[in-house]
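Here is a briefing on one model, meant to be read next to its sequence and coordinates.

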Amino acid sequence: PAAPRINPSILAADFVNMQAELARIASADFVHVDVMDNHFVPNLTFGPQMVERIQATSPVPLDVHLMISDPDRWAPGYAELGAASVTFHLEAAADPIRLARRLREIGARAGVAVKPGTEVEGLFEHLHEFDQILVMTVEPGFGGQGFMPETMPKLRRLAEETRRRGADVWLQVDGGIAADTIGQAAEAGADTFVAGSAVFGAGDIDAAIAGLRETASA
Ligand code: DX5
Ligand code: ZN
């Protein structure tokens, strides 16, 4: 799918009605699937068994965001079950480059995520190893938090470097993305937008997705 991409986060969906919730976001680009292990972040969602069912049921491809410890061990399993992209946290990976190569080998887009306080300069030389970089715009762990504008200079530097090197990397933002914040993230260089509460909290989901897309392309 072409940019701007809108990836609703099912963290904001009704977990016991997952099939119906997935059917509501058919006009999105990907479904963002937040895996949390109650160790890397202080919250717990679900693991590969649930993600495999989401993969079998979703009308759109899966964008898996792993907020887990030891992704070197667990991330390949999500690529193997068919997720279109698998993003692990830079802070948690023992060997990020090796893991990214492994994910690509299996056939997934390889993504790396950074928390608000994590710098990205170390990734500059390795941009070609990744298909997407996720700049967290809240502390990972919970939906419904406020967007952190102080993460924008980092996103801007990343976007500049990506352009300078001609790297083919999608730049994703996640956390507090809504009608009033998506514009500044797009302006700073993001092309892929995760939104939980702003999509699932809307009365008309298709209109919310279209509205976000339109504001991001303005
Ligand atoms: C937070 C998750 C996000 C979350 C975003 O740790 O990674 O994907 O669902 O939710 P909103 O859009 O409500 O901030
Ligand atoms: Zn996420």
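A residue is buried if 20 or more other C-beta atoms lie within 10 Å of its own, exposed if 12 or fewer, and partly exposed in between, with C-beta atoms placed from the backbone. Aspartate 174 is buried, because 26 other C-beta atoms lie within 10 Å. This is a predicted model: local features need pLDDT of at least 70, side-chain atom pairs count only at pLDDT 80 or more, and totals for chains, interfaces and linings use all residues. Residues are numbered from 1 along each chain as its sequence is written, while chains are lettered from A and ligands numbered from 1 in the order in which they are written.

**Four-residue annotation**

- An unreviewed UniProt entry lists His32, Asp34, His65 and Asp174 under "binding site". These four span 143 residues in sequence, yet no two of their C-alpha atoms are more than 10.7 Å apart, so they gather at one spot.
- UniProt positions follow the numbering used here, feature names are shortened, and annotations may be inferred rather than shown by experiment.
- Aspartate 174 lies in strand β7. Strands (E, at least two residues) and helices (H or I, at least four) are DSSP runs, numbered from the N terminus.
- Beyond four places in sequence, aspartate 174 is in contact with His65, Leu134, Met136, Thr137 and Val194. Contact means that the C-beta atoms of two residues, placed from the backbone, lie within 7 Å.
- Histidine 32 is in strand β2.
- Contacts of histidine 32, leaving aside neighbours within four places in sequence, include Asn7, Ser9, Asp63, His65 and Val194.

**Wider annotation**

- A further "binding site" annotation from the unreviewed UniProt entry covers Ser9, His65, Gly141, Phe142, Gly143, Gly144, Asp174, Gly175, Gly176, Gly196 and Ser197.
- Glycine 175 sits in the loop between β7 (170–174) and α6 (182–188). Glycine 175 is buried, with 27 C-beta neighbours inside 10 Å.
- Not counting residues up to four places away, glycine 175 touches Met136, Thr137, Val138, Gln145 and Phe147.
- Serine 197 belongs to helix α7 (residues 197–200). Serine 197 is partly exposed, with 17 other C-beta atoms within 10 Å.
- Ala12, Gly143 and Gly144 are in contact with serine 197, its neighbours within four places aside.

**Ligand 1**

- The shell around ligand 1 holds 22 residues, and the closest are Ser9, Leu11, Gly143, Gly196 and Ser197. Elements giving two or more residues to this shell are β2, β8 (192–195) and α7.
- A residue is near a molecule if its C-beta atom, placed from the backbone, lies within 6 Å of it.

**Sheet**

- An open sheet of 8 strands runs in the order β1-β8-β7-β6-β5-β4-β3-β2, with parallel pairing. Its edge strands are β1 (5–8) and β2 (31–36), each pairing on one side only.
- Two strands pair if DSSP finds at least two bridges between them.
- Strand β6 (residues 132–136) pairs with β7 in the parallel sense over 5 bridges. Isoleucine 133 has leucine 171 in β7 as its bridge partner.
- Strands β3 (residues 62–67) and β4 run parallel, joined by 4 bridges. Leucine 66 stands opposite phenylalanine 88 in β4.
- Strand β4 (residues 85–89) is mostly covered, with 5 of its 5 residues buried. Ser85, Thr87 and His89 point one way, and Val86 and Phe88 the other.
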